[in-house]
Structures are given as C-alpha cells and as structure tokens.
Amino acid sequence: MAVEQKELAVGQELVRIEDLHTQFFTEQGIVKAVDGVTFSIEQGKTLGVVGESGCGKSITAMSIMRLLPEPRGRIVKGKITFFPPQQNNINQTSVDITALDRHSSQMRGIRGRHIAMIFQEPMTSLNPVYTVGDQIIEAIQLHQQVDRDTARARAIEVLEQVDIPDPERRISEYPHQMSGGQRQRAMIAMALSCYPSLLIADEPTTALDVTIQAKILRNMRDLQQEYGMSIMLITHDLGVIGRMADEVLVMYVGKKVEQAEVRNIFHNPLHPYTQGLMKSIPLIGLKDKKLVPITGSVPSPFNLPTGCYFAPRCPQAMDRCRREAPPETEPEPGHFVSCWLYK
Amino acid sequence: MTNTDASVKDTRQVLLDVKGLKKYFPIRSGFFQKTTGYVKAVDGVDLFIREGETLGLVGESGCGKTTTGRAILRLYELTDGTVHFRSESGEMIDLSGLSKDEMKAIRREMQIIFQDPFSSLNPRMSIERLIAEPLVVHEIGDRASRHKRVVELLEAVGMSGQVAARYPHEFSGGQRQRIGIARALALNPRLIICDEPVSALDVSVQAQVLNIMKDLQEQMSLTYMFIAHDLSVVEHISDRIGVMYLGRIVELTHSEQLYQNPRHPYTEALLSAIPYADPDMVQEEILLEGNVPDPANAPPGCHFHPRCLYAKPICSKEIPQLVPTKDNPEHFVACHRAEELELIPVQPPERLLKQVGG
C-alpha cells in the first residue's frame, strides 16, 4: 500500500503544551479562555479533558490545531511542541506550533495529517455539496502523494473501519443522506484517513443517542488499538471519561485544576471542584447516593474572583484562597492539583 | 422510597391513567397537500401514575416520549386513547373529551417544565411577570397577593425574592430552570410533566435542580412525569420507569427492578450502552445493529425486532402486548420472549455500593 504508516511508541510524549494562554479580545474586554495550562499528550494514550461549559477545554484544542478565529482570539503566550513520531527509525525534529503561521504549509502539513480533529456537530466539518467520498479522498490527496484510485481505496477502507455499512456505495452519498450517527462516523473516517498520530475529539458523541454513542466509542477504542494513535477526548460527560480515558485533566475557568490517571481522578479526587463533580453525578444502582451539587455558578469571564477562581463555590475555601491563586503541586506521583489544601 | 420489594402493593391512588394513547402526525405531500401517510409518534401507550410518585419515561430521540407528555396535557389533539385525571374532588375525568374551557380549568392542576431554559422564558418579561403570568391568566389574586406569591415561589426554588425585578438574560441556565419550575408551581399543580428539565445543564447545576425538584415534591406532594434520555438521571429521581421505543412502551417497572432485572432486550441494550462514570465498572456493551427505524414506516410486529438479538419469527408478525410478568404484577413488558430470556442487569462496582451503604 502506498499510504505510509507512522511508527508509534506508546507512552512517548507526542504533544507538550506549556503555559498556554489563549485570549479573546471582545468589545466587553479580554476573555482569558485558556489561562496558563501545561500538560502533555502521550503516544497511544487517551487523555480525557473534562470541565463545564466555558472552562476552556475546546479552546485548548483549537489552539493546538491553530484554528482560532485570529486575531480576535489568539495564543498570547506559551508553547505547543509537537514531536512527530519516528519514521523509518529516524527521529523527526520537533515543531513549536505556536511559532508557525497558521496558514503556512508546515502548519497545514500538521493539521489534518498528524493532528486531526472531530467535532460535536459533524456538519461543521462536512461540506453538504460534496459527497462524503470526495471529501475523504481530497483529505488524503492533500496530505499524501497518492493517485485518486489509491485514495479512493483508502477512503473505502476507513469508512469500513468506522462501521459504515456498504462503504463502496455509501462513498458516493452526500452528508444529508446519512443519519446523525453515520455522519459522525464519516467525519471520524475522514479524520483517520491520514493515520493521524493525535485525534482530538471535541464532544464527539454528545449529540447522539446512547446506543449510537456506545458504537462510536467502541470504534474509537478499536481504531486506537490498531493504529496506536493518541486521543484527546474533550467532554463534559464523566461516564464517557470513565469508559475511555487513561489520563484525565480537569479544567475550570481556563485553568487546569487537576490531572491524574483515570482511577485516581474517580477514586481519589483531590481538588474540591473534582470532588464536587463526582458528588453531583447520579449513577444507576446508587439511588441512595445523595447528590451534593456545587453551589453557585461559574463566574463571568469579565468578573473573575481574585485568588483561586473556584474559591467562591468551594466548601473548603480558606482566606488564602481568596487572595492568591494556588500553584500546582504533585501530592502523589503523577497526580497534579492546584489547590492550597495540598501546599 | 423503599419499593425494592416490588410485591408490596402500592396503595396510593392513581392520579393519571393513560390508555391506548395514540398521536399520529399526517405526512402531506403534493400540490393538494394530500395526506400520504402518518408518523406514528405515539402508537398505543398505556401508563398510570400514582399520587406523589415520579414516573420516568426514557428512550432515544424519536421514541415519542415528549409527544406522550404533550398529548397528556392535550397540547396536541389525541388521535386515539383516553387520559383520565383524578380531579381535586376525587373523580376521574377523561381529558380527551373536554372542551377548551374545561381543559383550561384543569390545566391549573397540570403543568409542564421544558428542556431549554433559554427559550422557554420570554426575554422581555421580568421574572415577576413570568412567574405571575399563570396567576394572571387564571385571574387569581390581586397585584399585591401575586407579588407575595412570586417571592414565595422564588424562595421555594432556592432563589431570593429580590430577583423578581430582573430579566431572564441575567441568569445562568440552572437559575433559569429554577425560574421555570417556580412558574410551573404558581398555580399549585398536582401533576408536573418535566420534559428533559436538566439535559441542557452542566452536571454540577443539574444536581442542584434535581435536588430542588425532589424537595419540592416532598413539601408540596407533587406528582412528576419525568421525561429524559439520560437513564442515570431518570433512575435517580423516579419511583418507576417506562422505557419507550418507537412510539410504544416496551417495559415499565420500579426503577430498581429495571436495572436489576431488565426483561426487554431493548432495555438491556440501553442499560449496557450507558457509560458508567467509574473506571472500575465492567461493562460489555451490547451493540445494536442499524438505526432506530423511521416512525412513518415502522416495522411490523414488535418495532424492535429488526435490531433485536433474540428475535424469533413471531416477533415480526405479532405486536407484543404490554403485560405484567408472571412473578411481578408491577413489572410490565412488551416482549414475546420476556418470560424465557435471561438478560444482563447493571451491577454497580462494589466499592461504590459500600460508599453509599456506609
């Protein structure tokens, strides 16, 4: 097959995000959508990113993809380093994505080719006037020197991999001819067509029914096993996180508040916000579980509290929390938290 | 809520009794807008709700759960079936036969809460006017007494009476949903149909609204019909749950029974598909073939048979009736093979059970 595959080494750093600040410049003022976030994505692993609406999880993803509506929204500080996986045993040089022109051929070579993204609403990435097949073939030919027949064969192959029945026929269908779940899968197929090393999935199943969601999640896991790609899975659904993630990052108002291996996040959450999330979800079979909601609501980005942003809602807030923002600490190996309780 | 022993007869009176409810929407096409078919959104639903209980209604998009709720309130004209409601005098009134005026009077006792707190509140009306509107429509009280009532209702949903002068855009989703609840409570209803009331909310806020709904139910002895697609939420709040598939109820029983002893293959698949928020959960998803069929062109016999793992020839021929199982008169299933199948229940991780128990 003419389409080359990359060699992925599970556990190796693939993308490193350091002190990322992404801001939006609006008429009402500056919105610090991502406010100093640091983390890494490892090869072959799934990083779950959770948080409520407005916490900056999607903007972090858009920053990595360089898909921000610049200059209104832009990266003002920080570094996003992409370490391309080895090819033919040759180490590739790392790239600082923030230093690239977002329209440059180098960035376009990374976007879609090495890092692909899928969205909640598939119609944001599928063009209604082209067939699904044409769009996938275009994506393949954009990034790889292959002829149309090879690209078409590859398109059929990926459609089959995402469980679209009868892919040879469906390839010439338009997006509107497919159901919501199938469109979502066609979009995943398009994202996978170039064997990306990282798939960023932003609420990929939120708009779908649970039985369809189960199929798509299973699909993503199978494909990850096959290709060894990394997944950055952005969702507000802790169930999806529990089922899919290896590592979890919890965000609150533009900041990372906690990061740990998935079991630690669920069984030993350290940050009061993460603890609050765990206490507020109902679980089947645990009717007697008393839901303890987090009081109050997320602060307005134009009127942020001083100190820790969570302090006004935090049941354990101390004086210091209202004065100073907490630094990140590592109370146990691999478990990071930004909270004065652990300082 | 101790209904684990399902054999204990629930002696509470039935407040709402729905039989054979059908709602078909005509499909019109051509120059003369001739009716060429029907979307059978609700195709023969039987259910009852006892006073003070919460009946959950779950199902995936297009299953007819929302239409069922609205048809009960007669926000849609019924195609067929009866809806009996116990009036305050204790008599069962058939809503399907009532005139507009009679229906208006009885609607005081039946209210609805909608999913989207952003579009269900008129942005040009102050919170005071929004909450007092039902009182005005039904000509109850004067200005002063209505204001008193508004403050009372806002406090009941955990908000300050001072917000009455403000407008919807000043509030977050969770607060707006609470305003929606306050408005629904204005007329002291006995039945509230809650249509996906927490689906648009973030998890932490969702818990606030669920807790308020539970508290209000106790304080005001409300009866809820809780419609949602999220089975974890429905299980948390409901005493009994009905599972809908393509216009029909396929299983209806006490919520513990539903996940401990599912008897319909669709319920089993639905339970297995819900991602459980705990990495210790051992879950083998049952992946259904294909998609939910078009309700305008539903398969014959059991609507679920083309996707069912256990289908037999009879399933594509005869419509299974919603009947009680042999061992539990409160467990209704519409499946030809309900008595013989052994389906997989949900077994929460030990660790979580211990936490809740202790």
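Trainee: How many helices and strands are there in chain B?

Mentor: Helices (H or I, at least four residues) and strands (E, at least two) are DSSP runs, numbered from the N terminus. Chain B has 10 helices and 12 strands. With a radius of gyration, taken over C-alpha atoms, of 21 Å, close to the 21 Å that the globule rule (2.2 Å times the number of residues to the power 0.38) gives for 358 residues, chain B is as compact as a globular protein of that length.

Trainee: Which conventions apply?

Mentor: This is a predicted model, in which local features need pLDDT of at least 70 and side-chain atom pairs count only at pLDDT 80 or more, while totals for chains, interfaces and linings use all residues. Residues are numbered from 1 along each chain as its sequence is written, with chains lettered from A and ligands numbered from 1 in the order in which they are written.

Trainee: What pLDDT does chain B average?

Mentor: pLDDT is the predictor's confidence in each residue, from 0 to 100. The average for chain B is 90, and 97% of the residues score at least 70. Over residues 1-7 of chain B, however, pLDDT stays under 50.

Trainee: How many residues of chain A are in contact with chain B?

Mentor: Two residues are in contact if their C-beta atoms, placed from the backbone, lie within 7 Å. Here 38 residues of chain A contact 38 residues of chain B. The largest share of chain A's side, 6 residues, comes from α7(A). The predictor assigns the complex an ipTM of 0.87 and a pTM of 0.90.
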